[in-house]
Amino acid sequence: MKIAVCIKQVPTREWQPRLTDDKTWIREQDASWEMNEPDAYALEEALRLREKHGGEVVVCSVGPSRVQQVIREALARGADRALHVEDNGLANADAFLVADALAPAMAEERFDLVLTGLQSDDQGHAQMGVVLAERLDIPHSTIIMDVEIIGESGQGGRVRVKRELEGGWFQWITMPLPALLTIQSGINQLRYATLKGIMAAKKKEIRKVAVPAGLRPSQQILSLALPTKAKQTQMITGSAGEAARELVRRLREEARVL
Amino acid sequence: MILVVAEQRDGRLNRATWETIAAAQSLSGSLPITIVVPGASVAGVAEELAGAGVAEVLAAEHPALAQYTPDGWTQALQAIVEQRSPTFVLLPHTYQTRDFAPKLAARLRTPLITDVIAINGSGAHATFARPMFQGKLVADVRPQGDGPFFVSIQVGAYRADAVQKSGTAPVSKVDLVIDESAIRQRPEAPFQEARHAVDLGQAERIVAVGRGIKGQEHLPLAEKLAKAMGAELAASRPICDSGWLPMERQIGSSGQTVAPKLYVALGISGAIQHLVGMKGSRTIVAINKDAEAPIFEVADYGIVGDLFELTPAIVAELEKT
């Protein structure tokens with residue numbers, strides 16, 4: 001099995017947003033970075049599938065040189081090698097740009113299975129994986145909680161996946177390999193890099209790939225802002241009994257929701 | 001014109017569709033609105049939508065659409081979008097939309113703006129507000145190119161009861177040609193893991209508990225309040241991660257987005273992932289001992305106090321009448 005995992009570098013969850021002067025992007029020099037959390041689960045799933053079925057895991061990422069931080073981390077956790085479409089202009093790329101940047105190099109590799117996280121913690125488009133599947137002309141399924149490989153790719157091999165629907169519903173779906181899956185957080189237990197893994201990662205190949213010509217953004221960020229508070233909160237005071245009485249009265253008479 | 005893609009399963013309309021129609025009406029300017037309903041047997045749903053104050057409802061029926069697949073939906077909607085050339089295509093930002101809409105937009109090489117919470121301006125020059133960085137920021141976004149522009153609307157961002165209903169729109173059937181051999185996904189029947197599974201997305205009232213409940217042994221307190229209010233019980237992520245309630249009752253990041261009539265947050269501080277999941281609720285009550293808790297930012301009614309005293313008092317008050 002030749003498995004690709006697309007990973008993205010995003011600001012850490014603790015990061016407090018600061019904007020550029022024109023307010024169309026974040027001040028990257030102030031951010032600290034980490035691997036997008038759902039992508040970390042996709043990587044873990046790829047490593048587990050390799051342990052079970054053999055083959056190799058190739059990490060694919062798009063962005064400026066800073067993204068090598070998460071590529072190295074993925075290699076330290078056990079990925080075999082990496083593709084990096086490196087370009088400073090792709091720091092704030094939208095989902096179509098990322099997919100179009102990755103597609104030619106990934107098509108050449110002829111992967112049996114491509115995994116991505118279900119969405120990114122930065123722009124959060126929740127599109128890149130599905131767009132990439134269309135560009136690679138392979139079937140896909142999204143928000144996956146379990147992966148079973150049946151047979152071998154190219155010889156009638158298939159993948160059977162458990163997809164999360166809304167409201168506590170799930171569904172098993174089978175499709176031919178090669179295929180692309182977007183992975184839900186929590187599908188597995190993440191492993192962390194060992195010292196041995198970190199040392200080994202230094203010798204692993206990161207192939208730099210040039211950006212394909214003619215890429216154009218599909219959407220433009222006109223401005224970024226902090227969310228505004230939309231509501232006036234009415235605070236209810238008094239003893240527990242008084243507050244309870246007042247709350248129930250307002251829910252019945254004012255809001256009319258009881 | 002604006003094309004709204006309705007979502008149904010087994011002939012039951014997903015109510016997020018109504019919210020998307022409300023968004024389409026606010027976007028429309030002078031553009032007429034057409035609703036399309038894909039499925040195998042959607043006459044009932046199409047009739048239901050005909051009263052939505054739109055120009056036309058299209059029943060996109062085909063036996064190959066009996067069960068949802070991204071390949072099937074993409075084929076069906078590609079044909080309709082190419083034939084009708086809408087300016088915008090609006091969809092509810094559901095798991096199903098997330099599964100096929102990026103493929104459809106990619107195939108048509110046209111932008112898709114997802115998870116939209118507000119529309120600025122109307123008609124062809126509109127721009128779209130969507131959360132970024134886990135809701136820490138809101139971006140105002142403009143699609144590039146010639147369109148049609150695909151836009152998915154966050155569940156709860158618009159109100160279903162804001163739809164301006166008028167008259168009865170004509171319902172027509174679309175003749176679809178679908179190449180079934182090009183549908184690569186083979187779905188099995190949907191199933192629920194928990195025996196008493198609940199669909200919080202359809203609940204009218206929700207009582208949600210957070211870390212403030214302190215221990216699993218205190219959950220019956222919240223259950224009593226839920227029962228007295230006719231509400232479903234839900235929880236923030238830490239409660240479900242601890243296994244005190246099943247994952248299907250989790251609100252927020254990788255859980256659910258809900259927009260009930262009433263949302264009562266008991267001892268929930270309001271982490272951003274949770275707020276994203278529930279802030280579209282019509283009326284929000286926050287009960288928390290910390291007056292600075294972010295949950296009060298989105299609440300309509302707030303009480304700063306001890307939930308172990310307040311909850312029984314509210315239950316007693318509700319049981320009086």
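These legends walk through several close-up views of a two-chain model, chains A and B.

The model is predicted, so local features are given only where pLDDT is at least 70 and side-chain atom pairs only at pLDDT 80 or more, while totals for chains, interfaces and linings use all residues. Residues are numbered from 1 along each chain as its sequence is written, and chains are lettered from A, with ligands numbered from 1, in the order in which they are written.

**View 1. Chain B as a whole.** Chain B holds 9 helices and 19 strands (DSSP runs numbered from the N terminus: helices are H or I with at least four residues, strands are E with at least two). Its C-alpha atoms fill a box of roughly 60 × 40 × 40 Å along the principal axes.

**View 2. The domains of each chain.** Chain B splits into domain 1 (2-182) and domain 2 (200-320), with bounds from an automatic or database domain assignment. The C-alpha centres of these two domains of chain B are 31 Å apart. Where they meet, 7 residues of domain 1 of chain B are in contact with 9 residues of domain 2 of chain B (contact puts C-beta atoms, placed from the backbone, within 7 Å). Over in chain A, the assignment gives domain 1 (2-209) and domain 2 (228-258), and 46 Å separate their C-alpha centres.

**View 3. Where chain A touches chain B.** Here 65 residues of chain A are in contact with 70 residues of chain B. Helix 6 of chain A gives the most to chain A's side, with 9 residues. That side of chain A divides into 33 nonpolar, 21 polar and 11 charged residues (Ala, Val, Leu, Ile, Met, Phe, Trp, Tyr, Cys and Pro are nonpolar; Asp, Glu, Lys and Arg are charged; the others, Gly among them, are polar).

View 4. Strand 12 of chain A meets strand 10 (residues 137-143) of chain B over 6 bridges. Look for Gln219(A), which stands opposite Pro143(B).

**View 5. A parallel pairing between the chains.** Strand 13 of chain A and strand 19 (residues 301-304) of chain B run parallel, joined by 2 bridges. In this pair, Gln234(A) stands opposite Tyr301(B).

**View 6. Around Pro187(B).** Pro187(B) lies in strand 13 (residues 186-187) of chain B. With 18 C-beta neighbours inside 10 Å, Pro187(B) counts as partly exposed. Leaving aside residues up to four places away in sequence, Pro187(B) touches Gln171(A), Ile173(A), Gln67(B) and Thr69(B). Tyr68(B) is 119 residues away along the chain, yet its C-alpha atom is 7.9 Å from that of Pro187(B).

Definitions and conventions
Pairing = 2+ DSSP bridges. Buried ≥ 20, exposed ≤ 12 C-beta atoms within 10 Å, placed from the backbone.
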